[in-house]
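Here is a short report on one protein chain. Keep the sequence and the 3D view open while you read.

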Amino acid sequence: MLSYDKPVSVNTNPSPAASLVATLNTMNANPKPINATVVPVTSSNTIAKTNGQLAPRHHHIWLVTGPAGCGKSTVAKYLSTNLNLPYIEGDEYHPKANIDKMANGIPLSDADRWDWLTALRDESLRQLASGADGVVLTCSALKRKYRDVIRVAPYYSHDVVLHFIYLHAPESVLLERVGLRQNHYMGANMVHSQFSILEPPTAEETDVISIDVSKPMDDVLSEAQSKVVSKINEVASS
């Protein structure tokens, strides 16, 4: 059963700027996955025919994850366009109460996230049920148990194959990127709060594709496309 952690407390005495400066010296570590060797995730479903046409043997859910500033939306939109799959922007499914909390620098608790995660999972399955061959969506999925909520999806439909695309970089890199954003509710002060609860994927999470986003975005997009196409071919030939 999922457990609820206590919300992260917020110290309101120091200014956000002072807090960020105080943590700069601890932001050099890149939260790479822990020995996250990718192992094929497969389905045993056979290919069915619909109206005389071969239907896809597998339906893929590509969940692009990582902390604020890692480029989730950019990568997901790119994959959605190139793969001709529907795109789900996870931030749009947050209730207003969650958005208000984040806009005020208040970290979300586990209790704030459960309905949001379930909504993303259900919308992904709805898109597949409506005829989509796959779907690309974004969600920070910072903790293992958040990812596990989405992992329930293949239990509803056994031809569904779920993949996480984990985007990672040092905190200082993401802090700089978020600081350059305009008109976005996720402020730079939220980057550190997300890193404080981040649980990088472990070796047991074999459905994870890892990409270091410290490099230029064109290189990130190229790597993401290559790894996704490789995984599709790998699953199709299994």
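## Overall build

Among contacts in the protein between residues at least 6 apart in sequence, 80% join residues at least 24 apart. The model is a predicted one. The protein has 9 helices and 7 strands. Of its 238 residues, 46% count as buried.

## The sheet

An open sheet is formed by 5 strands, in the order E4-E5-E3-E6-E7. The pairing is parallel. Strand E4 (87-88) and strand E7 (208-212) are the edge strands, and each pairs on one side only.

Helix H2 packs on this sheet. H2 touches E3, E4, strand E5 (134-138) and E6. The direction of H2 makes about 165 degrees with that of E5. Helix H9 lies across E3, E6 and E7. H9 runs at about 160 degrees to E7.

How many residues of E6 are buried? The count is 9 of the 9, so E6 is largely enclosed by the rest of the structure. Both faces of the strand are covered. On one side sit Val160, Leu162, Phe164, Tyr166 and His168. On the other are Val161, His163, Ile165 and Leu167.

Strand E3 (residues 59-65) pairs with strand E6 (residues 160-168) in the parallel sense, over 7 bridges. Two positions let you trace this pairing on screen. His59 has Val160 of E6 as its bridge partner. His60 stands opposite Val161 in E6.

E6 also pairs with E7, in the parallel sense, over 5 bridges. Phe164 has Val208 of E7 as its bridge partner. For His168, the bridge partner in E7 is Asp212. E7 is mostly covered, with 4 of its 5 residues buried.

## H2 against H9

Two packed helices are described by the angle between their axes and the distance between the axes. Take helix H2 (residues 72-83) and helix H9 (residues 217-236). Their axes come within 10 Å and cross at roughly 50 degrees. H2 and H9 are therefore oblique to each other. The crossing in which H2 passes H9 is right-handed.

Which residues make the contact between H2 and H9? From H2 come Thr74, Val75, Tyr78, Leu79, Asn82 and Leu83. From H9 come Met217, Val220, Leu221, Ala224, Gln225, Val228 and Ile232. The residues of this contact divide into 10 nonpolar, 3 polar and no charged.

Arg121 lies in helix H4 (residues 110-129). Is Arg121 buried or exposed? Its relative accessibility is 10%, under the 20% cut-off, so Arg121 counts as buried. Leaving aside neighbours within four places in sequence, Arg121 is in contact with Val149, Ile150, Val152, Ala153 and Tyr156.

Helix H8 (residues 189-197) has these buried residues: Met190, Val191, Ser193, Gln194, Phe195 and Ile197. The buried residues of H8 pack against helix H3 (96-103), H4 and helix H7 (171-179).

## Loop positions

Gly131 is found in the loop between H4 and E5. Gly131 is exposed, with a relative accessible area of 55%. Gly131 and His59 are 72 residues apart in sequence. In space they are 9.8 Å apart, C-alpha to C-alpha.

Most residues other than glycine have a negative phi. Asn84 is not a glycine, yet has a positive phi of about 55 degrees. Asn84 lies in the loop between H2 and E4. At 68% relative accessibility, Asn84 counts as exposed. Ala141 is not a glycine either, and has a positive phi of about 45 degrees. Ala141 is placed in the loop between E5 and helix H5 (144-150). At 3% relative accessibility, Ala141 counts as buried.

Conventions:
Residues are numbered from 1 along each chain as its sequence is written. This is a predicted model: local features need pLDDT of at least 70, side-chain atom pairs count only at pLDDT 80 or more; totals for chains, interfaces and linings use all residues. Side-chain values use heavy atoms; hydrogens and water are left out. Axes are lines fitted to C-alpha atoms, for helices over the stretch in contact, and angles run from 0 to 180 degrees between N-to-C directions. Helices (H or I, at least four residues) and strands (E, at least two) are DSSP runs, numbered from the N terminus. Angles under 35 degrees count as roughly parallel, over 145 as roughly antiparallel, 65 to 115 as roughly perpendicular and the rest as oblique. A crossing is left-handed if the near helix is turned anticlockwise from the far one by less than a right angle, and right-handed if clockwise. Contact means heavy atoms within 4.5 Å. Ala, Val, Leu, Ile, Met, Phe, Trp, Tyr, Cys and Pro count as nonpolar, Asp, Glu, Lys and Arg as charged, and the others, Gly among them, as polar. Two strands pair if DSSP finds at least two bridges between them. Buried means under 20% relative accessible area, exposed over 50%, partly exposed in between (1.4 Å probe, protein chains only).
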